[in-house]
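Please keep the structure in view while reading.

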Amino acid sequence: EGACFFSVTKNPSQPFIVYTKSIVTKVLGTSFRIKAYPEDKEAKIEVRTGKVSVYKKEDFKKEALLPGKLGGLVLLPNQQVTCNTANPVLLKSLISEPVAVQNVGEENMSFIAAPINTVFKKLEQQYGIQIIYDEEVMSECTITASFGTESYYQKLNLICKSINSRYEIIEGSVIIYSDGCK
């Protein structure tokens, strides 16, 4: 019960398990935050680095304790799961303010007529968030921009606006919708 931030050293032979009223989190080596107050209607797990497995409490079985096994709903950096404590359903999404998991340097976030796939790859690398798009449809899209301290969503909005596209967040991934560039 309560809220806590954990930073767990990787030890595949001895997983770190956190139990709340409605969910179980299995960790092999990562940093993450759990919020599960008894008076709240939902519990939340946010991953900062690494991977965690999240299970509804009734779905957590003995085989899940086996070393090196990640099952359940797997969360990556900048992803979270929320679970309504009254009706336990795991809902995966992005955290509200994604943070860089890798410093790619400002010089690597400056683009001059760069193909959009290069820009998306750099953004994925920096934040660890998968970006899904139709490479063939967007093959002629390029961008000239220089990014610095903007938030993840500011960068994503600027990129999409510049190539006349839009995005949607689905289960912790970014889906880009575009008619391409001419």
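The questions and answers below concern a predicted model.

Q: What makes Cys 83 count as buried?
A: The relative accessible area of Cys 83 is 0%. Buried means under 20%, and therefore Cys 83 is called buried.

Q: Where is Cys 83 found, and which residues is Cys 83 in contact with beyond its neighbours within four places in sequence?
A: Cys 83 is found in strand β6, residues 79-84. Leaving aside those neighbours, Cys 83 is in contact with Ser 22, Ile 23, Lys 41, Glu 42, Ala 43, Pro 88, Val 89 and Leu 90. Contact here means heavy atoms within 4.5 Å.

Q: Which residues of helix α2 are buried, and why are they said to be on the same side of α2?
A: In α2, residues 152-162, the buried residues are Tyr 152, Tyr 153, Lys 155, Leu 156, Ile 159 and Cys 160. They cover an arc of only 160° around the axis, so they are on the same side of α2. In general, an α-helix has 3.6 residues a turn, so residues three or four places apart point the same way.

Q: What do the buried residues of α2 pack against?
A: They pack against helix α1 (116-127) and against the strands β7 (90-94), β9 (131-132), β10 (142-146), β11 (166-170) and β12 (173-177).

Q: Why is α1 called roughly antiparallel to α2?
A: The axes of the two helices, α1 and α2, come within 12 Å and cross at roughly 175°. Angles over 145 degrees count as roughly antiparallel, and therefore α1 is roughly antiparallel to α2.

Q: Which residues make the contact of α1 with α2, and how many of them are nonpolar?
A: From α1 come Ile 116, Val 119, Phe 120, Leu 123, Gln 126 and Tyr 127, and from α2 come Tyr 152, Lys 155, Leu 156 and Ile 159. By class, this contact has 8 nonpolar, 1 polar and 1 charged residues.

Q: Which residues touch the most other members of the largest nonpolar core?
A: This core has 25 residues, and those that touch the most other members are Ile 116, Phe 120, Tyr 152, Ile 159 and Ile 176. At least two residues of this core are supplied by each of β8 (110-115), α1, α2 and β12.

Q: Which residues does a second, separate core include?
A: The second core has 15 residues, including Val 18, Ile 23, Val 47 and Cys 83.

Note on methods
Residues numbered from 1 in each chain as written. Predicted model: local features only at pLDDT ≥ 70, side-chain atom pairs only at ≥ 80, totals over all residues. Heavy atoms only, no water. Buried < 20%, exposed > 50% of the residue type's maximum accessible area, 1.4 Å probe, protein only. Arc of directions from axis to C-beta. Core = buried A, V, L, I, M, F, W, Y, C linked by side-chain atoms within 4.5 Å. Axes fitted to C-alpha atoms, helices over the stretch in contact; angles between N-to-C directions. Parallel < 35°, antiparallel > 145°, perpendicular 65-115°, else oblique. Nonpolar A, V, L, I, M, F, W, Y, C, P; charged D, E, K, R; others polar.
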